[in-house]
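User: Can you walk me through this one? Keep it quick.
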Amino acid sequence: MQGRAARRIAIILAGGALAGVMACAASAQPARLGAAQPIRPQPDTPIAVDVDWQAVRQDVLQRQRAGFTAVRAMPRPVIPENVTVEQGGETEVPILTPTQEALRFNPLAGARLYARGDFYTLVIQGEGLLIEVFGTRLAHAAPPDALTARHLRGAGAEGYRSTPTAYGREITFNRYNAAYSITLECEAPETDPRCTAPEYGEGLWASLQLMPGTRDREAP
């Protein structure tokens, strides 16, 4: 499942931090950025970009404070069934998960997490819809020119982009110096409003939060 998601995802990050076609495999060996001679990512020589763990810690603290002051019940993140919280924290990419409220599944949605160090896929399925949340810190190729970079960058501070596909819809964006996507596959992609219109996918994106147990460490 995660291999299929990785093959079809292409995300370019702005500012020279992360640019790449996401064709990740579990056997990929990332090369490190050098201090004196910066290494440009190549299709066959991926690099691992440093995650902004300071921003991750700030978001965790902000959510904790909100939990103490909230009058209404806090939104419930989707938690994978196949791993423990501790195992989910082993990946080098902050794991983002949507909320049950944004999914609007009845009964509540279950999920499975596939983490491979430098990338992960969270798979959610129910009510005629397959959702995959994919995140990676690997960069495989730089954009060939400035026009292509602007086209792939999307809009807004996170480079948000929502694109219709043959199977549904794909949302791509950047956060914490990593690249993410949400793919929607509907059983009826031509008639299901969750795939034909951007509002449902945008709601999932807006609801994303760090999965409980996300690593809280100093940046390298």
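Analyst: A term to begin with: buried means under 20% relative accessible area, exposed over 50%, and partly exposed lies in between (1.4 Å probe, protein chains only). The model is predicted, so local features need pLDDT of at least 70 and side-chain atom pairs count only at pLDDT 80 or more, while totals for chains, interfaces and linings use all residues. Residues are numbered from 1 along each chain as its sequence is written, and side-chain values use heavy atoms, with hydrogens and water left out.

User: OK. Tyr180, buried or exposed?
Analyst: Tyr180 is buried, because its relative accessible area is 0%. Tyr120 is buried too, also at 0%.

User: How do the rings of Tyr120 and Tyr180 sit?
Analyst: Their centres are 6.4 Å apart and their planes are at 65°, so the pair is edge-to-face. Rings of Phe, Tyr and Trp (its six-membered ring) pair if their centres lie within 6.5 Å; planes under 30 degrees apart count as stacked, over 60 as edge-to-face and the rest as tilted. Tyr120 is in strand 6 (residues 119-126) and Tyr180 in strand 11, 60 residues apart. Helices (H or I, at least four residues) and strands (E, at least two) are DSSP runs, numbered from the N terminus.

User: And what about Phe173 with Tyr180?
Analyst: That pair is stacked, with 5.5 Å centre to centre and 10° between the planes. Phe173 is buried.

User: Which residues make up the aromatic cluster?
Analyst: Tyr120, Tyr160, Phe173, Tyr180 and Trp205 form one cluster. The count of aromatic pairs is 5.

User: How many bridges between strand 7 and strand 11?
Analyst: 8, joining residues 129-136 to residues 178-186. Val133 stands opposite Ile182 there.

User: Last topic. How many disulfides?
Analyst: 1 in the whole structure, taking a disulfide as a pair of cysteine sulfur atoms within 2.5 Å. Cys186 is joined to Cys195, S to S 2.1 Å.

User: What's the handedness of that link?
Analyst: Right-handed, with 90° about the S-S bond. Both Cys186 and Cys195 are buried.

Note on methods: Two strands pair if DSSP finds at least two bridges between them.
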